[in-house]
Amino acid sequence: MLIKLLQDQFITQLTPIYDELEAQQLFLFCLAELENKTRIDLVMYPDVTTAQPEQWTKVLEALCRQKPIQHIFTKAYFYGYTFKVNEHTLIPRPETEELVEWIITSVSQDQPVRILDIGTGSGCIGLTLAKELPQSQVTVLDISTEALTVAKENAIALGVNVTFVQQDILAVTELMDTYDVIVSNPPYIRELEKVEIKKNVMDYEPHTALFVDDHDPLIFYRKIAQLAYANLGPQGQLFYEINQYLGKEMVELLTSIGFSQTVLRQDLLQNDRMTKSGI
C-alpha cells in the first residue's frame, strides 16, 4: 500500500479530533517509528509502499480513540533524549524542557551539584539533568512503584547513575540530605479545570500525577517548599513547574515560607509556568 495514501487516511480520520497540523505531526511520528522514514523521504520517493499496512491500521484506530501516540509506541522525546513512558507516567511536555533549561543555565557547569527531583515520573527532569550536568549527584523521588520502574529503565538506557527513592512527599517530615537544587513538577490541575483537559490526557495519563483538590491546590508546593527551606544548602535553589493560573499565589506562598528571591517565569506561550527561588 502506498504510504502517501496512508497519509491521506490519517489526515481525513484525525482532523475531526485534532487540527490538521497535529494530524500531520502524528502521521510523521508514525512514519519514523514504523518505516524509519522522514517527510523528505516521502517527498523524494512518493511511490514508496509499506509492508505492514495492518500495523498502520492498528495505530490509526488507537489514535482515533485518542490514545496518546507516546503510549502507542511507549516512548517520548524530551530535551533530545528518548524516554520510555506508559500509563503510570506523565508524557513529558515542552514547557518542562524550558524548566530543565533554566536549571542548567542557573547552576555551575564545572562543580558537583546535588539535585533532588520530587515526583520524577518517567525521570525526564532528573535524568536529563544527570546527562547534561555529568558532575551532578541526582536523586529522584516518586510515590509510585510503577513510575520508578520506568524511571530506572530510562536511567539504564541513558547511561546515568542516579539514586531512586520511593516516598510519599506529603508524609515526609525531613529530607534525607541537603541539596543545591530541588525541583518538582507536582500535581497542580484543579478539579475545576478538568473541563479544559483533552480526552487523550484524561483517559490515559495518571490522575494522581495531574490533579489536586480545589480547596488546597498548592498542597504539594507548600510541603516541598517547607522541606526545601530546611534542606537547601548555601545558594541553593528551588525550581517548580506551576499551574499557569496560580502564579501570583505561588510567589506569595514562597515568600510566606521565607524565600526572599523568587522569580516567576512565563513559558513560550506566555503562560506563568515556572518559578525559581533562593533563600
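Buried here means under 20% relative accessible area, exposed means over 50%, and partly exposed is anything in between (1.4 Å probe, protein chains only). With that in hand, take T120: its relative accessible area is 6%, so T120 is buried. The model is a predicted one, so local features need pLDDT of at least 70 and side-chain atom pairs count only at pLDDT 80 or more, while totals for chains, interfaces and linings use all residues. Residues are numbered from 1 along each chain as its sequence is written, and side-chain values use heavy atoms, with hydrogens and water left out.

**Around T120**

- T120 sits in the loop that links β3 (114-118) to α7 (124-132); helices (H or I, at least four residues) and strands (E, at least two) are DSSP runs, numbered from the N terminus.
- Setting aside neighbours within four places in sequence, T120 touches V140, L141, D142, L148 and A151, where contact means heavy atoms within 4.5 Å.

- Strand β4 (residues 137-142) pairs with strand β5 (residues 163-166) in the parallel sense, over four bridges; two strands pair if DSSP finds at least two bridges between them.
- Across that pairing, T139 stands opposite T163 in β5.

- β10 and β11 run antiparallel and are joined by six bridges.
- One of the bridge pairs puts T262 with S277, the latter in β11.
- The two strands form a hairpin with five residues between them, and Q270 in the turn has a positive phi of about 65°.

**Helix α6 and what it packs against**

- The buried residues in α6 are E95, T96, L99, V100, W102, I103 and I104.
- Those buried residues pack against β1, α7, β6 (179-184), β9, β10 (261-266) and β11 (272-278).

**Salt bridges**

- Side chains of opposite charge can pair when their charged atoms come close.
- The rule used here asks for a side-chain nitrogen of Lys or Arg within 4 Å of a carboxyl oxygen of Asp or Glu, and the count comes to 11 salt bridges.
- E153 and K84 form one of them, with their closest N and O atoms 2.8 Å apart. E153 lies in helix α8 and K84 in the loop between β2 (81-83) and α6 (94-104), so this pair ties together parts that are 69 residues apart in sequence.
- On accessibility, E153 is partly exposed at 36%, and K84 is partly exposed at 30%.
- R222 and D216 also meet through their side chains, at 2.9 Å from N to O. R222 is partly exposed at 29% relative accessibility, and D216 is partly exposed at 26%.
- For R273 and D267, the closest N and O atoms of the salt bridge are 3.2 Å apart, and both residues are buried.

- T74 has phi near 50°, a positive value in a residue other than glycine. You'll find T74 in the loop between α5 (69-72) and β1 (76-78), partly exposed with a relative accessible area of 40%.
- Q235 isn't a glycine either, yet has a positive phi of about 60°. Q235 belongs to strand β9 (residues 232-241) and counts as exposed at 73% relative accessibility.

**Helix α1 and the residues before it**

- I11 is found in helix α1, and at 15% relative accessibility I11 counts as buried.
- Beyond neighbours within four places in sequence, I11 is in contact with E20, A23 and Q24.
- How far apart are I11 and F239 in sequence and in space? They are separated by 228 residues in sequence and by 39 Å in space, C-alpha to C-alpha.
- L2 comes in the segment before α1 (3-14).
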